[in-house]
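Please walk through this structure with me, one element at a time.

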Amino acid sequence: MTTIRAGWILTQRELAHWVREPWAPIFGVLFSIMLLLVFGFLFGGAITLPGGGEYIDYLLPGMMALSMMFGVESTATAMANDAKKGITDRFRSMPIGSASVALGRVGADMTNSAFELLVLIVGGLLVGWRITSDPASAALAVLLLLLLRFAVLWIGIFLGLSFRGGGATAAVQVLVWPIGFLSTAIVSAETMPAWLGAIAAWNPLSATATAVRQLFGNPTGVTAGILQDGAVWLALAWPLVLTAVFVPLSARAYRRLRA
Amino acid sequence: MHTLIAEGLRKRYGDLAALDGFDLHVPAGVIHGLLGPNGAGKTTAVKALATLIDLDEGSASVAGFDVRTQAAQVRRRIGLIGQNAAVDEVLGGRQNLVMFGRLYGLGKTQAQERADEMLSIFGLSDAAEKAVSTYSGGMRRRLDIAAGLLLTPAVLFLDEPTTGLDPRARNEVWTTIREIAARGTTVLLTTQYLDEADQLASEISVMNHGKIIAQGTPTELKRHVGGDRVTLTLALRDRLDRVAEKLGPTATVDEDTRTITVELAGESLAGIIRTLDDLGVTPEDLQLRRPTLDEAFLALTSPEAVR
């Protein structure tokens, strides 16, 4: 009870940040919109999808999955900053549950990402992206995206607690790009060299992107293989596995602050 | 009745013994200075007493509660002020205090009232709504200390609170610390500066290599260090030894800098000048200064130093 209450107070702290400094979240959203425009209109004309379909319809779900994954960076940075400034130590010296700090992070980052997702959906609809399925499937698609964000949140908490120097966040900032591009988020795996395509197909990001395309009724760029038949199941399984791995690792990293 | 008790604390980091048999007894309501150079283990000691780290050995209690087995009770009775001002820079001063107050378990209205009270005590009412990033170093530190005092703790840990502050901000923080102690809170203050401990603490423990090497009132400790020093710089190197000889047993010569240092214990400043006059020597420079921490350590770690 006190843990949840403290977690909520820490979530409110982040919400207060946005009121104080609205440019940080606005810049995040502008960045997503910029990527959308670059890929949708600059590169989009040169991209043909296996299985056919409009690239903009293919791209939007990919961008959504990508922005969920990129959230790992803001989570890790926020955790590392608090640790560096001694704020984490202050929290640890207070009579609050040991899960409060992580809960506050989860509350704040999930709210932030839900907002980002909303902007991408509205922005997408404005540039011609369409949902052609039923509302229930579309809702499931949104839930799968948030599930991915939830999973990478714990990766971010783990990284932020484990590597507290500024170098760690810099590494995350660089690494999210190859991981993001080596997936079906932007281009179909079937247009890649076979070995690379196989790696991309097994990227958790690809599972979510493809599942979300199927659920929104968008072209998937997939004509065969594991993603064709099992994307939705993979989009459930991958985040759950990542969460199951990184929640205990995060808890361990938090305990190791006592070492 | 001791508010802080540490007995035989040990904590290793790899090959380094950060705490190596650390003992401390601090009575209620005093400012106790924990003095030592960088790496002496001061921060580790504070973190152990504030329930932030696990100990390898030893036992400690704060306000009557065991730091190992009753951490939750200890945390309700302490305030921790670390080396960095651990406040949220984006939020305003008031927002910070309300947030920390609520984390301490105060209700919303209660937390707001307490925040306003603290802001006025610490002279931050005018800046209450401004983002902390616009605060000066001294203001930030005061806000930081205010956050640690929201629940009127039995013990306040201050880990090098004036490191990195300019003299004016340092004086502000000193005044604050004196006021806190006057209200009955026990303060454990770590510092690298002898004069800071001297100014604030009624008792000082000198720490080195993970343990206390000397303890006493500032006056008692200074007796080990000796009195003020006079440093003379002479123009001619070949006269150093002859002049030093006349200045008594405490005079030490440094040939490279052409200086003689004399303790002002038996010798008075007037006496020294008279001696120089008699010898027909006019020094290029004459400086009167307090003992440095280096000299304190040399004195305190020498064999005749009393524990």
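Two strands pair if DSSP finds at least two bridges between them. Helices (H or I, at least four residues) and strands (E, at least two) are DSSP runs, numbered from the N terminus. With that in hand, B:Leu80 stands opposite B:Phe157 in β7(B). The strands involved are β6(B) and β7(B), the latter covering residues 155–159, and they pair in the parallel sense over 4 bridges.

This is a predicted model, in which local features need pLDDT of at least 70 and side-chain atom pairs count only at pLDDT 80 or more, while totals for chains, interfaces and linings use all residues. Residues are numbered from 1 along each chain as its sequence is written, and chains are lettered from A and ligands numbered from 1 in the order in which they are written.

Stay with β6(B), residues 78–81. B:Ile78 and B:Leu80 point one way, and B:Gly79 and B:Ile81 the other way. In a regular strand the side chains alternate between the two faces of the sheet. Are these four β6(B) residues buried or exposed? All are buried. A residue counts as buried if 20 or more other C-beta atoms lie within 10 Å of its own, exposed if 12 or fewer, and partly exposed in between, with C-beta atoms placed from the backbone.

Now take a step back to chain B as a whole. It holds 11 helices and 14 strands. Its C-alpha atoms fill a box of roughly 75 × 45 × 35 Å along the principal axes. Of its 307 residues, 44% are buried. The domain assignment, automatic or taken from a database, gives domain 1 (2–219) and domain 2 (227–290). Their C-alpha centres lie 42 Å apart.

β3(B) pairs with β9(B), residues 203–208, in the parallel sense over 4 bridges. Here B:His32 has B:Glu203 as its bridge partner. β9(B) also pairs with β10(B), residues 211–216, this time in the antiparallel sense over 5 bridges. B:Ser205 stands opposite B:Gln215 in that pairing. The two strands form a hairpin with 2 residues between them, and B:His209 in the turn has a positive phi of about 50°.

Look next at B:Gly58, in strand β4(B), residues 57–62. B:Gly58 has 18 C-beta neighbours inside 10 Å, so it counts as partly exposed. B:Gly8 is 50 residues away in sequence, yet the two C-alpha atoms are 4.6 Å apart. Leaving out residues up to four places away in sequence, B:Gly58 touches B:Ala6, B:Glu7, B:Gly8, B:Leu9 and B:Arg10.

Turn to the helices. α6(B) runs over residues 167–182. Its 16 residues should span 22 Å at 1.5 Å a residue, and its end C-alpha atoms are 23 Å apart, which agrees. The expected span is 1.5 Å times one less than the number of residues. Buried residues in α6(B) include B:Val173, B:Ile177 and B:Ile180. The buried residues of this helix pack against β3, α5, β7, β8 and α7 of chain B. Just after α6(B), B:Gly184 takes a positive phi of about 100°.

Why is α3(B), residues 93–103, largely enclosed by the rest of the structure? Because 11 of its 11 residues are buried. Among them are B:Arg94, B:Phe100 and B:Arg102. The buried residues of α3(B) pack against α4 and α5 of chain B, together with α1 of chain A. B:Gly105, just after the helix, takes a positive phi of about 105°.

That leads to the other chain. In all, 19 residues of chain A are in contact with 24 residues of chain B. On the chain A side, α1 (2–20) and α4 (87–92) are the elements that give two or more residues. The largest share, 6 residues, comes from α1(A). The chain A side divides into 8 nonpolar, 3 polar and 8 charged residues. Here Ala, Val, Leu, Ile, Met, Phe, Trp, Tyr, Cys and Pro count as nonpolar, Asp, Glu, Lys and Arg as charged, and the others, Gly among them, as polar.

Conventions:
Two residues are in contact if their C-beta atoms, placed from the backbone, lie within 7 Å.
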